[in-house]
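Dear colleague,

I am passing on the structure below, together with notes on what I found when going through it. Please read the notes with the structure open beside you.

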Amino acid sequence: MQQFLDLLTLPPVQRSGVALLLAAIALPIVGVFIVGLDIVAVRFAVMHVALLGIAVGFLTGLDPMLCGLAACAIAGAGVAPLAQRPSGLPGAMGLLMTFAIAGALLVLSVSGVNATSAFELLWGSILATRPVDLVVLAVLAAVIHLLFWRYRRPLALLMFDRELALCSGVPARLLMLVLLIVVAVAIGASIRLTGALLVDAVTILPALAARNLGHSLRSMVLLAVSFGFAGNVCGFALALALDQPPGPVLVLVAGAFTLVTYLLPEGAFNASTAARQDDDRDLRGAVPADSLRQ
Amino acid sequence: MTGSPQPVVFRRVVCRYGRSIAVKRVDLTVSAGEHVAVTGANGSGKSTLLRAVLGLHPLAAGDILVGGESANGTSGWMARRRNVAWVPQRLTPGRFPLLVDELLGSAIDCDVARDSAGDLGVAGLLRRPLHTLSGGQLQRVFLARALGCIAGGAGVLLADEPTAALDFAGQEQVAAMLAALPATVIVVSHDRAMSRTCDRIAEMAAGRLRIA
């Protein structure tokens, strides 16, 4: 126990803890967007897009990480028009990934930079979190929360049905553009900040768990943040207590939470209290079959 | 606030799905406040014609005027969609849950939409996600939303088979509600009771408007 408490006094561990808390506050919301848009493969696509941006950075002499994030933003904006097709986005992620990896390898070849060293720049670790990373995460968290809480109703309509959103006066094209840029930049930055493995634990897994239990976009976001928070705190504490690398432990803990939601009977938590009350009222008001026979 | 009914004019409208033509040079003028039923066999282009009014299906040729105005650009389409209430045919619940109350809240006048939900017998479902409703309940909710849009200023109602999933009593109730609506109404329907309440019946066959 004393060893565990001693670990918590180390500045890198403290920074990691703060980074995980910031990630838990914001990134599960990005996960909800990803699950809602059916673009779970976005992580792989964005990783390769960021690699392309880094390669361009090496070639031009600009900051590689800034170029990587800019490439993510451009890619997000680039696939936005495909969202107008009903099945456009999931396929677009595969296309984007293929184009990006081919482009990145070509640019790296031209610039004479080893692909492995470019990948190393992209893949971070939660224990190597720097103070500047915390600032980036905090800004990301603020932008994501602002986007969600300011445009919660239009987003709910857009993710339910694009045509309904259009007919309700939602600027669907613009909102989708902003949404995809935020998702791409958030994922690109998170891979650098937390490592590729942890991105899933703090984005997709809480969102999948929340989708199994939530009955509205708002409740899903609140549940996703709760799952993200619980998974990160428990996973990080367990990793420190067991003296194991935090990445795999965090993913396993978040995965276990998500698995439990799949094992719950369908509708056990899904129907809202109000809905259950409606059904109970209906049942109480139903005429008994025996009385109909008399 | 209730908007004034707007005329809807279809001028040589052509709509395509790839190489096949779904709507073939349709000309139709619906006067302000007139109620028109569009009937015809499945696949004759009725729904496509209605969706084209809202810009949900692109025009390959021709034009559609609502209130004498064509819709161009983002602001033009937003104004068009604000002026036209819509009851869709396929009520496919999305990948994400949406509460009935959230859907009614998207009407121009949410209070009227919620009151209309009461009139249509679905007021007790406000906290329910749409995907837990039956087809008939869902149709009533979308009708309530459309009535909220009309009350909020939309001058036109487009309803695509609004009574298809309703029971007999519901069909009569909705037909009576739409007949009393102070708006231009274009309703696609196979329901004869609904068609009889309209001022005129237009029949589509193989993409062409046969009788108007």
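How many of the 6 residues of strand E3 (residues 35–40) of chain B are buried? Before the answer, a word on conventions: this is a predicted model, in which local features need pLDDT of at least 70 and side-chain atom pairs count only at pLDDT 80 or more, while totals for chains, interfaces and linings use all residues. Residues are numbered from 1 along each chain as its sequence is written, and chains are lettered from A and ligands numbered from 1 in the order in which they are written.

The answer is that 6 of the 6 residues of E3(B) are buried, where a residue is buried if 20 or more other C-beta atoms lie within 10 Å of its own, exposed if 12 or fewer, and partly exposed in between, with C-beta atoms placed from the backbone. Helices (H or I, at least four residues) and strands (E, at least two) are DSSP runs, numbered from the N terminus. In a regular strand the side chains alternate between the two faces of the sheet. Here His35(B), Ala37(B) and Thr39(B) point one way from E3(B), whereas Val36(B), Val38(B) and Gly40(B) point the other way.

Two strands pair if DSSP finds at least two bridges between them. E3(B) runs parallel to strand E7 (residues 184–188) of chain B, with 4 bridges joining them, and also parallel to strand E8 (residues 200–205) of chain B, with 5 bridges.

Strand E1 (residues 8–17) of chain B is joined to E2(B) by 7 bridges, and among the paired residues Arg16(B) has Ile21(B) as its partner in E2(B).

Turning to chain A, the UniProt annotation "transmembrane region", from an unreviewed entry, covers several spans, including residues 65–83 and 247–264; UniProt positions are given in the numbering used here, feature names are shortened, and annotations may be inferred rather than shown by experiment. Residues 65–83 of chain A are 79% helix and 0% strand, with their end C-alpha atoms 27 Å apart, and residues 247–264 of chain A are 94% helix and 0% strand, with their end C-alpha atoms 27 Å apart.

Helix H8 (residues 152–160) of chain A has buried residues that include Leu155(A) and Phe160(A). The buried residues of H8(A) pack against several helices, among them H2 (11–36) and H13 (217–242) of chain A and H3 (100–104) of chain B. H2(A) and H13(A) themselves pack at about 150°, with their axes 8 Å apart.

Finally, the contact between the chains takes 22 residues from chain A and 21 residues from chain B, two residues being in contact if their C-beta atoms, placed from the backbone, lie within 7 Å. Helix H2 (residues 73–83) of chain B gives the largest share of its chain's side, 3 residues.

With best wishes

Notes. Axes fitted to C-alpha atoms, helices over the stretch in contact; angles between N-to-C directions.
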